[in-house]
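Trainee: I would like to learn how to read a structure like this one, feature by feature. Could we take the features in turn, with the general idea and then the case at hand?

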Amino acid sequence: MPFRRMPSLVLVLGLLAGLLLLPATTQAQQPDTSQQKLPEIAPQEFEIRGELQVSFPSLERQPLRGFASPPTIPTVPPDHTPFVESYKQDLENLPESLPTPAAAPESVAKTDPPNNGFIEAGGGRYASRFAAARYAVDFSPRQSLSVHADYDGTEGFSPSESASGLDTPSDDVEGGVEFRSRHDGFSIRTRAFGSLSDYTLYGQPNLTTSAPSRTGTRLGAHGGLRTFGEIESRLGIGYTSTDYTTDPASTASDDLSEGRLTLDGHLEIPLGGVSSYLDASLSRSSYREDVSGNPSGFSLSAGAGTEIWSTDRLSLQTGVRVLSYNAPPTTDATDSGTYIMPEARASYTLTSSITAFAENTPRLRDDGLHGLYGENPYADNVPAVQPTVFTTDASTGVRFSAGPVRVTTDAGFRYAPSYQFFTIPVGGNLQVGYGSARILHGGAEMALQGVENIETSVSVSLRDGALVGPEEPIPHFSPVVADAMFSVSFLNDKALFQTTGTVESTRPADITTDREVDPYVSFDLEGSYQVTPLIDVLVKIQNVGPSAPTKWVRYPRPPAAVQAGVRIDW
């Protein structure tokens, strides 16, 4: 009985098994012919002829989870390493907040954060006192207002044994208000600020019982607009009025006033897949008193450049910068200059932890009257206001980052055809000077990052500065400068301790003599403890060092000024 196809595998296997077992079963059991009623018509042997073809049904189903092959991991070539440096876009260029989608219902829109701020006040040694206040309120998720104010004052101390009756009081007040409005594609920032300083020039020679006093006031306003998107831009405009009055002990007052208008802008444009930039900063100043001819001055820093090479490891940006200024005359002639200099920035990733960099960034520093007295409050009472212009500011170095440790080393060269310095002739007052200067520098900075409750950094800089022409060291320019900072919170973040410090080596006092200023060592300590969720107690110790810190000749600062106070948070 021939078979051609079987419908399933089970039927075929079962039939084959039956055919194999059938002869053995037949031989083992002989039929009982006495009981046989029907003739035996079944054959004892089968002969199967033909071709047997087995066909399996086609099944399509998804593989069971867990039995599939693992996903393929792509092979990364050894010359491709992750980019571990900071993104080329600066933090201040990033959007201030992500906008809420216009179609989002009110229930999922951002809620207004609570108002917050603090007030603190205290006092201590030398009849010193301090106070500070901060307050911030959000009118909406995109509009906010903040206010701040700070005050520091003291009745002073005796700067020397020869002038034990000399008073050295001082008072400083500073404050401002700022409004921010953020929208889709742009943001607006406006602020108004002011400050008042009143102190004595107790380091002038031949003083015994009283010292000239100086009062400075500053009022200003600034507005800024930023746009976001494919083309990013910044535009700002501001005006500041600064007045300083110096009252000598027995002569008429000497006044100096400055009005300064500033305009700055920055534009970033992607061209052909690379980033290009254009920026400019312009200031215009006018002086009303004690500068002959009612003069005015201006300064300009403008630059343009583009990214000419950018890969996973190499980034190269080049451009050109124009620096120009016209300062009010300090003698019979007006000091001015215009410089066109190349600028460039390059970085190369050596490994995932090491990046080499090199750059040349010409710049112009023009802070006006406020910047001059902010650096040296005791300078001559009719200073010459002139910008410092670095036509060359080239440096190269290496950044290393491994785990919580970040180290940066660098070395470079600076040249300034107009450089501001301070000198004090024998028996005279601190004077402001300008000249050409060259500076060689090198140093290192180490910081600890990513460690819970701890922040610390330390930097050391070695410098060699000289005035071009007289080839003399720059007065009050320290060859070695070190800065340190340490902060730690503990007791479940209820307690905080932090310290900052600066060390400067001996430095020349003037150009013509070998007199030197003693090393400057000063550390500030501050601790706080949260007594309740609303109240903190504060302890401060300022100007800690082996002696009264003296940055400028004959002007020591009050040593070890201990203060205590209370802060109220909400």
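**Reading a helix, a core and the spaces**

Mentor: The buried residues of helix H2 pack against strands E6 (213-227), E7 (232-247), E8 (254-271), E17 (405-423) and E18 (431-448). Buried means under 20% relative accessible area, exposed means over 50%, and partly exposed lies in between, with a 1.4 Å probe and protein chains only; contact means heavy atoms within 4.5 Å. Helices (H or I, at least four residues) and strands (E, at least two) are DSSP runs, numbered from the N terminus. This is a predicted model, in which local features need pLDDT of at least 70 and side-chain atom pairs count only at pLDDT 80 or more, while totals for chains, interfaces and linings use all residues. Residues are numbered from 1 along each chain as its sequence is written, and side-chain values use heavy atoms, with hydrogens and water left out.

Trainee: Which residues of H2 are buried?

Mentor: An α-helix has 3.6 residues a turn, so residues three or four places apart point the same way. In H2 the buried residues are Gly-368, Leu-369, Leu-372 and Tyr-373. They cover an arc of only 150° around the axis (taken from the directions from the helix axis to the C-beta atoms), which puts them on the same side of H2.

Trainee: How should I read a nonpolar core, and which residues touch the most other members of the largest one?

Mentor: A nonpolar core is a set of buried Ala, Val, Leu, Ile, Met, Phe, Trp, Tyr and Cys residues joined through side-chain atoms within 4.5 Å. The largest core here has 24 residues, and Tyr-378 and Tyr-555 touch the most other members. Helix H2 (residues 368-375) gives the largest share of this core, three residues. A second, separate core has nine residues, including Ala-416, Ala-437, Ile-439 and Leu-467.

Trainee: What does Tyr-378 touch?

Mentor: Leaving aside residues up to four places away in sequence, Tyr-378 touches residues including Tyr-199, Leu-430, Trp-552, Tyr-555 and Arg-557.

Trainee: How do I tell a cavity from a pocket, and how many cavities of 30 Å³ or more are there?

Mentor: On a 1 Å grid over the protein atoms alone, a cavity is a set of points where a 1.4 Å probe fits but cannot get out, whereas a pocket is an open set with protein on both sides within 12 Å along at least five of seven lines; lining residues have an atom within 4 Å of a point. The structure holds three cavities of 30 Å³ or more, and the largest cavity contains about 70 Å³ of space. Among its 13 lining residues, Gly-297, Phe-298, Asn-326, Pro-328 and Asp-366 are the closest to its centre. Strand E10 supplies the largest share of this lining, three residues. The second largest pocket holds about 1,200 Å³ of space, and of its 48 lining residues the closest to its centre are Ser-170, Asp-172, Pro-377, Tyr-378 and Arg-557.

Trainee: Where does Asn-492 lie, and what is its phi near?

Mentor: Most residues other than glycine have a negative phi. Asn-492, however, has a phi near 55°, a positive value, and its place is in the loop between strand E21 (480-490) and strand E22 (495-504). With a relative accessible area of 75%, Asn-492 is exposed. Ala-560 has a positive phi too, near 45°, and lies in the loop between strand E28 (555-556) and strand E29 (561-569); at a relative accessible area of 28%, Ala-560 is partly exposed.

Notes: Grid points are joined across faces, edges and corners, and a volume is the space filled by probe spheres set on the points.
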